[in-house]
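Let's take a friendly walk through this model, beginning with a sheet and moving on to its aromatic rings. Please have a look at the fold before reading on.

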Amino acid sequence: MLTPWFIFIVSIGYLCLLFAIAYYGDSRADKGESIVRNPYIYSLSLAVYCTSWTYYGSVGRAASGGVGFLPIYLGPTLMFTLGWFVLRKIIRISKTYNITSIADFISTRYGKSHLLGGLVTVIALVGIMPYISLQLKAVSTSYDILVRYGGQALLSPPSTDTFLTDTALYVALLLAAFTILFGTRHIDATEQHQGMVAAIAFESIVKLLAFLAVGFFVTYSVFDGPGDIFHQASARPELEALFTMNHMGDGQWWGMTLLAMVAIVCLPRQFQVGVVENMDEGHIAKATWLFPLYLLAINLFVLPIAMGGLILFGGINIDADTFVLAIPISEGNAWLALFVFIGGLSAATGMVIVATIAISTMVSNDLVMPLLLRVGRLHLSETKNLSGLLLGIRRTSIVLIVLLGYTYFRLVGEAYALVTIGLVAFAGAAQFGPAIFGGIFWRGGTRMGALTGLIAGFTVWAYTLVLPSFALSGWIDKTLISVGPFGIKLLKPYELFGLQGLDHITHALFWSMLANIGCYLLFSLYSRPSALERNQATLFVEVFHQQDKRDRDVFWRGHAAVEDLIALAERFVGVERARRGFNQYARHHGLDLTTLPSADADLVKFTERLLAGAMGGASARILVASVVKGEGVQVEEMMEIVDEATQVIEYSHELENAHKELKEANEQLKELDRMKDEFLSTITHELRTPLTSIRAFTEILQSDPDIAIEKRQKFLDIVVKEANRLTRLVNQVLDLAKLESQRFDWSIETFDLPELVLDGTRRVGQLLEQSNIALSLNLSPGLPPVQGDKDKILQVVINLVSNAQKVMEETGGQLSITVSKTEEGALVTVADNGPGIAEEDQKLIFDRFYQANQKERGNPMGVGLGLAISQKIVEHLNGRIWVESEIGLGSAFCFTLPLSEAE
Amino acid sequence: MNRPGPTREKTIALFLLGLILFNPPFLNIFNADAQATLFQIPALYIYFFSAWIFLIILVARSAKAAEPPKAPGQEGTRQDQLPRDAT
């Protein structure tokens, strides 16, 4: 029933169905009605991770290692729990800078380095070969089995012959043609291949359904539920051994998990569907659990199928990798076998299509175009339209990549089980890990670090995994593995430097990652990045903080003619697309490009991004630089600013604080200035009053010689009194100025305070008597001596007493002076029963400008500068001065002085 | 949870939980005895798939907070969209 022709036609029919879906998806996308813009299609497209390696190989691995296949799916599950932060960041960066591939990503991150982009492309190319050969092997083997045994019982194991290898070649060519058909219809690789994504999502459904179908068939039709399978298996010791994980060491388990975690991001095809083809970063939210759920579903029946196969084919030598297909065939269910074959075809074609599209983009953008630009720029610039050339490069590289995979399959593929080949490819892709994860989270990673890390990791990977695989296939002498190159034991590829006890993959992973991460860190720390590198580092690491500033990615100085830019874009992305792009730009910015005298930096950047989408960031930069006249790309000297963006935020905080302090200081200064003005006006006023009266009286005396002698005498008394007042005032001003500028001469000594107070009151005693003021003294004679400047304290006492005298001059009253001892030291209180001071004035009274206010209120208190000076003196001598007062009851001025330390 | 997106702390906590659940030495607990079965299915297998689905449910719950309220016309994340090819 399953004749080769029938199978062939079904296969071709299935591929045509895929193409129809892709075509439909593309045409809907062109109308703006995307069918892939939702998180479910996105999650399904991610399932391109499950290749025929999963489809056939998991069962094979489970049959020999129990749960050992699971880390390959648990790793991605773990990475996707972090998806919202890791994957979303990569997507945001890629969308912002029109990044087209993993090579473009790494090259753009590390200073738009052509060298790095080319290196990544080469590594990816080498790494992808075993993987593609694996898919070819799976398809051709499954085809062969189906053709040979279709509809019959499985009698003998399949053998390899020329027919089989021919199948692989046909499959390879068919897949290449199919990939070209809808993978390279467009030139702009950032423009997502929506049709392809739709087809891949469809394939993911098919392979899942096919696998679940065979799983149900084995578990519930061939056997009586999973319990039955495992129960039968437990009867055989060699199968029961698979119930544990004793086949894998702890190190190997961890190694596989970490490897898969890195691979789910770093495999070129995963980067393609997960990042480049992503339509909306919000889709990641659902994908963080939908994709792991898919992985769980497709692995659910792996163990039952593996156990079932081992039970069924117990005695026959059948490759466990083919159980999925072999069981339905041996049970005579041909239609299910065909469905399983189609599922496997889905898994293989999906991988090959996406991977070759991804790699061909890298080859054209990061390898061939840069070389062409470098070698023959003149020749290129003469060519009118280059978008055709780009497409040509891409199509050729697709064919070459698939054929390389075929060649690897012919040379090496037969020596390995599916799972091992896949792991070799994983370990190759994992070499991108340090450069990518370091690049998005660590600003310090440099081009030199990435370059050396990649080279070191790649070399070790090739030496410890690829080279021995050639040896095992007989292409190199096998003694390389058994005794090491040139007989050097320490360099044995599977036991490098004598490291034993690990399986080959974990061993290679350990050494390659040690070399890779080690070099990356070391050279990043000890190399000096260029300004452009530092700029790109900041843009990548801080992508979420810089959405508004993204156009600062390159500093273009100088100008370019608009028509030059348009002509450049037309040549590389095609006339129509370029026109449309520029028109859209013009509309969006409200510009008329035909009248614009020259392109501004924004338009130049737009052109660069447009080109980057077609041919990668590094090439786009060189092309645009060739058109921009004048200084062109000026990066070096300006970049420090952006580079230090994080510090800038800190600085700005500091600046803010400093600004606040300055503002406060300024306020204080202003206040002081205002006070100085007030002081001057007060002083002038004070000086003018006595001067006016002196002038008035002397003028009278001068103009009128006939004044009576008594009257003359009276006038002269006033003149003398006013002159004294003037002298006093000037002395006070001088004192205050000296005090404030701290040029006062202090002579500190120990003296008896009561005695000094008594001396002071004696000096003003006559005044008090004249004013009818009764004085009562309470001087506590036993008081210990105090420390201070005797003359200055005397001045304070006189000041206070004469103030009291002044307030009670008219009314007379009671003045009481007390000297006592308190905790603070000696306390002098000068209390009057005058009018008192309002509470709000009690603090201001020591202000040297206080008097002016008092005068305005008609307060008769002519304190002058006395209190201000007293305060300065007392405070200088470590004392305190204050007033206690109540309106109508009088005031008490108090001050303290420290007692002599000798006491 | 009104904040957009799962919190960084929660995400890292889930990641660490998964790392512990799916790796030795924690795994070795279920590895001790090949005879241990539940419904005749080996305990280790049961453990793997139930822990796996458990983690997926936790991630799904935390991811729910990440889904922004639907706003028409705001789906695309690309600013300055480049034109689509009509060919």
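Predicted model: local features only at pLDDT ≥ 70, side-chain atom pairs only at ≥ 80, totals over all residues.

How many bridges join S6(A) to strand S7 (residues 890-897) of chain A? There are seven, and the two strands run antiparallel.

Residues are numbered from 1 along each chain as its sequence is written, chains are lettered from A and ligands numbered from 1 in the order in which they are written, and side-chain values use heavy atoms, leaving out hydrogens and water.

Back to the sheet: it is open, with five strands of chain A in the order S2-S4-S5-S7-S6 and mixed pairing. Strands here are DSSP E runs of at least two residues and helices H or I runs of at least four, numbered from the N terminus; two strands pair if DSSP finds at least two bridges between them. At the edges sit strand S2 (773-778) and strand S6 (880-886) of chain A, each pairing on one side only.

Two helices of chain A accompany the sheet. Helix H33 (residues 753-770) lies across S2, strand S4 (813-822), strand S5 (825-831) and S7, at about 170° to S4(A). Helix H34 (residues 790-807) touches S2, S4, S5 and S7, and its direction makes about 175° with that of S7(A). Contact means heavy atoms within 4.5 Å; angles run from 0 to 180 degrees between N-to-C directions of axes fitted to C-alpha atoms, for helices over the stretch in contact.

Now for the rings. The structure holds 34 aromatic pairs over all chains. Rings of Phe, Tyr and Trp (its six-membered ring) pair if their centres lie within 6.5 Å, and planes under 30 degrees apart count as stacked, over 60 as edge-to-face and the rest as tilted. Here are two of them:

| Pair | Centre distance | Plane angle | Class |
|---|---|---|---|
| A:Phe80 and A:Phe291 | 4.9 Å | 50° | tilted |
| B:Phe49 and B:Trp52 | 5.9 Å | 35° | tilted |

A:Phe80 lies in helix H4 (residues 71-81) and A:Phe291 in helix H14 (residues 283-299), both of chain A, so the pair ties together parts 211 residues apart in sequence. B:Phe49 and B:Trp52, by contrast, both lie in helix H2 (residues 43-64) of chain B, three residues apart.
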